[in-house]
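Me: I would like to learn how to read cavities, pockets and helix packing. Can we work through one case?

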Amino acid sequence: MASLTISSWNVNGLRAAVRTGDFQGWLETSAPDIVGMQEVKAMPEQVAEALWHGHGYNAHWHTAEKAGYSGALLLSKPIPDHVSLGIGDPEFDREGRMIEADYGDLTLITAYFPNGGKRGTDRLEFKLRFYAAFLDHANALRASGRGVIFMGDLNTAHREIDLARPDEAMKGTGFLPEEREWIDRLVENGYVDTFRRFHPDTPDQYSYWDAWRERRARNIGWRIDYVFVSDDLLPRVKRAFIQQDVMGSDHCPVGIELEV
């Protein structure tokens, strides 16, 4: 049976990752079939299409209204049956956060979930509203009979094993009870954190490191980038991975291999 490698990467500025060559190096050596990218911080005309067209990818963008902010990009070797941008609410969609692609009876979503900002700010409320809208949307897709994969930077670590310093993390957003409870609800609604399904007790597996005091070199990080699948798809997931050695961003790629 054939398989697809599906990767997610918050590049935190695609143009910067291109300038250093880290993006090209990763795309050429890892060669995933589908790539969902978040926080690209660019417009299509600002990045040369040849970077991926030569490797057989078609591209779909969801850009933010604000220049140099947020933005999502889907690169796909298989041509989707249909692509839609955003979640359907202008409050969220003006920030360029989500791309949805249909492949047969499967819907794949790459999403850049909001950062909650400092504790107690309006951005935390914005984040929780986006969370609620996203879960409703995913559940509607499932109710229509579709298998669902969603991936991206959720901007929340789920369990203490998913970050190096949980006590420190509790001082700000990204590890608040109400944020973590939403991931609990994902699981209760039948979505599976693929990495933890394959690596339930493996510590020190992070996808994001603050640039402060060389935390990446010391692996003081957070696992806030995920690939979730609806539970009906779980038997088709062959492996889940984090590519901690890939540079070019303060995040690294994560992904799965899926039988098709």
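Me: Which element gives the largest share of the lining of the second largest pocket?
Reply: Strand E9 does, with three residues. Keep in mind that this is a predicted model.

Me: What else describes the second largest pocket?
Reply: About 220 Å³ of space lies in this pocket. Its lining has 13 residues, and His158, Val187, Asp193, Arg196 and Arg197 are the closest to its centre. Strand E9 (191-193) and helix H8 are the elements that give two or more residues to this lining. By class, the lining has five nonpolar, two polar and six charged residues.

Me: What is the volume of the largest pocket, and which residues lie nearest its centre?
Reply: The volume is about 600 Å³. The lining has 33 residues, with Asn115, Thr173, Tyr208, Asp210 and Trp222 nearest the centre. Nine lining residues are nonpolar, twelve are polar and twelve are charged.

Me: How do I find empty space in a model?
Reply: Roll a probe the size of a water molecule over the atoms, and it shows where empty space is left. Here, a search of the whole structure finds two cavities of 30 Å³ or more.

Me: Which residues line the largest cavity?
Reply: Thr194, Phe195, Arg223, Asp225, Tyr226, Val227, Ala240, Phe241, Ile242, Val254 and Gly255 line it. Its volume is about 60 Å³. At least two lining residues come from each of helix H8 (194-198), strand E10 (225-230), strand E11 (237-242) and strand E12 (254-259). The lining divides into seven nonpolar, two polar and two charged residues.

Me: And how much space lies in the second largest cavity?
Reply: About 30 Å³. Its lining includes Lys41, Ala42, Met43, Thr63 and Tyr69. By class, five lining residues are nonpolar, four polar and two charged.

Me: Now helices. What describes two packed helices?
Reply: Two values do: the angle between their axes and the distance between the axes. Take helix H5 (residues 122-143) and helix H7 (residues 177-188): they pack at an angle of about 5°, with axes 11 Å apart. Angles under 35 degrees count as roughly parallel, so H5 is roughly parallel to H7.

Me: Which residues of H5 and H7 meet?
Reply: From H5 come Leu124, Lys127, Leu128, Tyr131, Ala132, Phe134 and Leu135. From H7 come Glu178, Glu179, Trp182, Arg185 and Leu186. The contact divides into eight nonpolar, no polar and four charged residues.

Definitions and conventions:
Residues are numbered from 1 along each chain as its sequence is written. This is a predicted model: local features need pLDDT of at least 70, side-chain atom pairs count only at pLDDT 80 or more; totals for chains, interfaces and linings use all residues. Side-chain values use heavy atoms; hydrogens and water are left out. On a 1 Å grid over the protein atoms alone, a cavity is a set of points where a 1.4 Å probe fits but cannot get out, and a pocket is an open set with protein on both sides within 12 Å along at least five of seven lines; lining residues have an atom within 4 Å of a point. Grid points are joined across faces, edges and corners, and a volume is the space filled by probe spheres set on the points. Helices (H or I, at least four residues) and strands (E, at least two) are DSSP runs, numbered from the N terminus. Ala, Val, Leu, Ile, Met, Phe, Trp, Tyr, Cys and Pro count as nonpolar, Asp, Glu, Lys and Arg as charged, and the others, Gly among them, as polar. Axes are lines fitted to C-alpha atoms, for helices over the stretch in contact, and angles run from 0 to 180 degrees between N-to-C directions. Angles under 35 degrees count as roughly parallel, over 145 as roughly antiparallel, 65 to 115 as roughly perpendicular and the rest as oblique. Contact means heavy atoms within 4.5 Å.
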